Amino acid sequence: MTLAPKELSNLLGIISEDACGNTFESLSNAFHHCFGKAEHFRVGSVLVMLLQQPDLLPSSPQRLTALYLLWEMYRTEPLAANPFAAVFAHLLNPSASGEEQEKPLSGFLPPITHPEKFFLSQLMLAPPRELFKKTPRQVSCMDVSSAPQAVDISGLQLALAERQSELPTQSKASFPSLLSDPDPDSSNSGFDSSVANQIIESLVTGPRPPLESHFRPEFIRPAPPLLVCEDELAWLNPCEPEHRVQWDRSMCVHNGTGVEIKRIMAKAFKSPLSAPQQTQLLGELEKDPKLVYHVGLTPAKLPDLVENNPLVAIEILLKLMSSSQITEYFSVLVNMDMSLHSMEVVNRLTTAVDLPPEFIHLYISNCISTCEQIKDKYMQVSVCNLSADKKSGVWCWYRLYLRNPRIG
Amino acid sequence: MKHDSADSPGVSDQEKEMATNAFEAFTAGNYDESLKQLESLQELNKEDYKIAMNKAVAEFYKTGQATTGTLKQILMTIKNQVHSAVEDIDGLDDVENSILYYNQAIIHYHMRQYSEAISIGEKLYQFLEPFEKFAQAVCFLLVDLYLLTFQPEKALHLLTMLEKLSVQGSSKNGKGDGNNSTAKESAAQKAEFAAMIEAAKSRIHHYKVRAYIQMKSLKACKREIKSVMNTAGNSAPSLFLKSNFEYLRGNYRKAVKLLNSSNIAEHPGPLKTGECVRCMFWNNLGCIHFAMGKHNLGIFYFKKALQENDHTCAQLGDGKNGQAKKFTGIPMCALLANKRYELLYNCGIQLLHIGRPLAAFECLMEAVQVYHSNPRLWLRLAECCIAANKGSSEQETKGLPSKKGIVQSIVGQGYHRKIVLASQSTQNTTYSEGQSAAIPVASMEFAAICLRNALLLLPEHQQHESKPDNGSKSSSQSGSTESGSENSDACSGKGQEGDKFIPAAPSSPLRKQEVENLRCCILACSAYVALALGDNLMALNHADKLLHQPKLSGSLKFLGHLYAAEALISLDRISDAIAHLNPENVTDVSLGVSPSEQDQAGKQTPLCYPSTVSSARAMMLFNLGSAYCLRSEYEKARKCLHQAASMVNPKEIPPEAILLGVYLELQNGNTQLALQIIKRNQLLPSVKPSSSPDLRKKPPPFQPGQPVQPIKMPSSFTQVQRK
């Protein structure tokens with residue numbers, strides 16, 4: 001919205017006191033010579049600001065020029081479409097003319113003289129061509145006491161009100177942020193246009209000129225406080241870690257047995273082993289207690305081993321009792337499909353070691369639900385018989401439970 | 001290890017002997033001899049890759065463990081060979097090759113590639129034999145890795161396992177060993193084993209303390225601390241741990257004392273241990289002083305720690321070498337010595353609290369490159385931007401409205417003199433034009449990005465069924481953060497099952513309540529930033545979400561209402577805004593800190609912020625007055641203004657409120673009174689509109705304004721008015 005200093009000086013030249021001797025028509029020509037359509041709004045804003053600041057635009061002929069230019073810029077369009085139409089409406093407002101001393105609002109346009117008002121009213125109507133052949137100075141001296149006082153602007157006011165209702169409330173509530181504060185101590189030395197022009201320049205040129213800013217009720221917006229939290233900073237503790245690259249002691253020590261055992265185990269996951277194979281496997285496992293960790297059994301493979309070679313599975317599980325993974329093995333065992341082999345394995349395990357009670361409970365409930373689903377009567381009976389063999393109290397309970405509702 | 005190799009004749013006695021010799025030379029530190037043995041061994045046996053690996057290991061030790069990069073390469077090559085050979089024996093190789101894998105994990109660990117190290121370690125863990133030194137080594141490595149990646153629960157689980165095993169192991173070792181080894185051997189083993197267990201116990205306690213500290217369970221911590229002090233006496237690690245514990249309990253003096261009692265001068269130094277204890281010492285002192293609210297000392301110590309760290313890095317030659325040489329030339333353990341990012345994080349937080357947001361921003365921007373999945377760090381960055389863009393922060397922090405806040409400039413002199421009123425909103429709004437918001441400068445646009453990241457890194461709130469509205473906008477953002485964090489090693493602890501803790505490296509993980517506080521703070525900042533950027537819909541959205549948080553602190557609730565109201569005003573929904581501005585909405589202005597925190601002396605709430613309910617209510621009333629003004633309800637507005645002004649110290653009346661007074665007088669036609677308010681920069685009792693005389697007569701343009709007297713008493717105004 002700012003004007004370049006060059007543009008401003010052009011504008012100030014056109015509305016200068018000296019230029020008021022020219023006719024309106026020639027002023028209009030000079031204006032259009034300097035400014036294209038695109039600049040009109042910016043120039044108009046400056047003119048309005050000058051009208052608002054009587055000390056900067058002191059003489060009546062100058063104000064006439066300014067008003068004329070505001071009107072002239074948009075004369076081809078309907079009056080209500082002129083962005084500065086509100087200025088006209090305000091100046092011509094009959095109520096303001098009636099009791100104009102009531103409330104001189106700052107930043108609002110100061111009242112204008114009767115000749116100015118007459119001139120403006122003429123502009124609102126279809127202005128006679130001769131009017132523009134006059135000079136601003138002539139118009140300002142006209143005796144208008146005989147002329148009709150008021151012109152009806154209610155139509156314009158209505159159109160303006162309609163347009164304003166579309167504006168956000170905040171925009172409507174704004175004042176210009178420029179406030180006149182004449183220094184009472186300064187001597188009233190008269191108007192010096194060069195001083196005024198300097199002030200105008202500082203008001204409308206440069207980045208973010210005061211002309212652009214506006215003044216409206218504003219919200220206090222405190223910034224959020226910094227997040228408060230405990231223990232945010234990184235505390236550093238020395239811990240002297242001892243993680244070192246290690247020498248592999250198994251270099252050149254493994255003999256054939258390890259590989260052979262692994263081969264047998266690989267087979268054991270797929271099919272039942274032959275008697276000699278089984279003996280060999282169990283024998284080697286017995287010889288080397290650590291071998292069990294190298295045979296390639298993982299919890300995921302346990303079900304295969306149980307189904308194909310329950311005896312091997314039992315032996316290996318017993319050897320794995322102290323392994324860190326034993327709970328994994330248990331949970332796999334509990335959750336695998338119920339079968340004679342798996343029951344056999346669990347049975348042997350319960351007699352050999354102390355199993356965690358939650359494991360046994362889980363297993364039993366699993367058994368029951370499976371049992372209920374078994375269609376084959378023979379299978380059911382044999383499952384139940386197997387469970388009937390159990391000696392421990394838990395298993396007795398299980399048997400009773402199973403027998404009564406089912407076979408009883 | 002292929003099928004036929006199994007049938008090939010076993011290892012010859014000669015080979016076995018050479019292998020033993022090589023190992024003995026290696027353990028004796030005679031690496032040349034060991035290498036010689038290995039070379040001749042390699043000529044006899046071309047099958048066993050372990051010869052090559054041990055050779056690489058011996059070479060590595062020969063160079064003083066300084067060729068980490070080379071070793072990594074060799075191990076990788078070996079692993080690829082082994083894998084192509086045995087892939088068909090589905091995974092049976094894992095146990096055979098455990099040392100190879102372990103060594104790889106060790107190297108990943110030292111190169112800070114923690115997630116890789118963890119995945120190898122977890123695989124190894126499945127095949128562990130109990131009571132073996134190697135098993136312990138793997139477990140300890142995993143524990144360390146879990147702690148480094150802030151997964152204390154996993155670490156703790158493993159530690160209890162280790163503890164159980166060592167107890168079981170010692171008892172079993174007593175009875176069962178006689179079967180397969182001679183009595184003499186067994187005795188030696190037993191002694192060795194007992195020593196190992198003793199050493200392990202101390203380490204287990206040590207690790208447990210660290211885990212409990214990360215979990216912030218101080219009760220459990222206290223027990224373990226005792227055990228640590230009993231087993232490991234007065235070593236620097238123990239004293240630091242105890243100091244950490246006391247620091248967390250708020251016993252700052254004790255914490256300082258403990259740190260001072262650790263004799264850091266005698267510490268072997270980073271080249272030996274890979275840890276720069278001096279740097280840690282200064283850093284921890286900084287943490288303590290930060291917590292005590294002694295921010296200037298805090299920054300002093302953090303700077304010292306950074307200097308020490310730079311010194312260490314220079315000593316290690318780290319950083320000066322190019323990327324290629326980065327992992328050679330310094331001992332492997334020293335690769336972990338650099339704590340720059342932790343220190344930068346601490347420094348940044350400290351600078352932010354001391355009121356130097358731009359310096360803080362620089363530090364935190366560097367830190368965020370490593371800790372980019374820490375939501376709190378993103379919030380901190382946004383806070384830096386907010387603080388840096390807060391207009392005239394100095395005055396505000398002192399609680400004094402400056403004249404500058406009301407008057408933008410004075411133009412002209414004498415009867416041309418004009419006052420240009422300042423628009424607060426343009427002061428508050430800062431667009432950094434012509435710059436991409438993706439370029440990190442401390443702008444509000446960048447703050448918005450940071451806050452979006454922070455929100456995305458938080459787990460969805462269970463109670464919030466509606467998905468966040470910013471989802472679509474920021475999906476690309478989320479994609480990049482998500483994928484980024486997966487690659488990151490420092491942050492691999494992300495996305496735990498259960499989500500009890502949210503990782504916030506380099507700090508301890510966040511507990512649920514902390515996460516909720518964090519979320520509230522992020523939402524408040526988001527609303528504030530959106531307002532500053534003129535994004536009113538977004539601001540309203542964030543403020544609404546903030547107000548719906550279940551455990552909202554009083555102060556943020558207050559801000560939520562203020563922000564929502566301002567956004568609504570800008571959206572031209574004045575009545576909705578006025579509903580938010582009911583002063584009854586403010587019931588307390590606490591920051592929602594745990595009571596223990598508030599008790600601590602030296603903690604202060606940030607300034608520039610309503611510290612009492614009445615000042616917060618006053619602020620709300622000021623804004624309510626502005627809202628009434630927009631509806632042209634000037635009498636109501638005036639009432640609000642005066643009620644609010646009576647609630648606060650006249651010196652603390654914010655510039656916006658004074659401008660509201662000016663506005664009301666101007667609306668009233670009292671230009672002179674408005675000017676008086678501006679000049680005295682304080683609210684003045686208003687005059688009834690009816691008594692206002694006509695100041696300006698007619699149109700005389702040159703009439704000088706009414707003389708403005710230097711005012712002594714409010715009563716003189718009426719005189720001015722009447723003149």
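In this predicted model, A:E230 and B:R511 form a salt bridge across the boundary between the two chains, with their closest N and O atoms 3.9 Å apart. A salt bridge is counted here when such atoms lie within 4 Å, so the pair A:E230 and B:R511, at 3.9 Å, is included. The count between chain A and chain B is nine salt bridges. Polar contacts also link the two chains: 30 residue pairs are joined in this way, both residues of each pair being at pLDDT 80 or more.

Several elements of chain A contribute to the side that touches chain B. The helices α11 (169-172), α12 (193-204) and α13 (256-268), together with the strands β2 (178-180) and β3 (214-215), each supply at least two residues. The largest share, five residues, comes from α12(A). Sorted by class, this side of chain A holds 48 nonpolar, 27 polar and 23 charged residues.

The whole interface can now be considered. In total, 98 residues of chain A are in contact with 170 residues of chain B. The size of an interface is often expressed as the accessible area lost when the parts come together. Between chain A and chain B, the buried area is about 12600 Å², and carbon and sulfur atoms give 61% of that area.

How values were computed: Residues numbered from 1 in each chain as written. Chains lettered and ligands numbered in written order. Predicted model: local features only at pLDDT ≥ 70, side-chain atom pairs only at ≥ 80, totals over all residues. Heavy atoms only, no water. Contact = heavy atoms within 4.5 Å. Buried area = accessible area lost by both parts, 1.4 Å probe. Salt bridge = Lys/Arg side-chain N within 4 Å of Asp/Glu carboxyl O. Polar contact = N/O pair within 3.5 Å; in protein donor to acceptor, adjacent residues only side chain to side chain. Helix = DSSP H or I, 4+ residues; strand = E, 2+ residues; numbered from the N terminus. Nonpolar A, V, L, I, M, F, W, Y, C, P; charged D, E, K, R; others polar.
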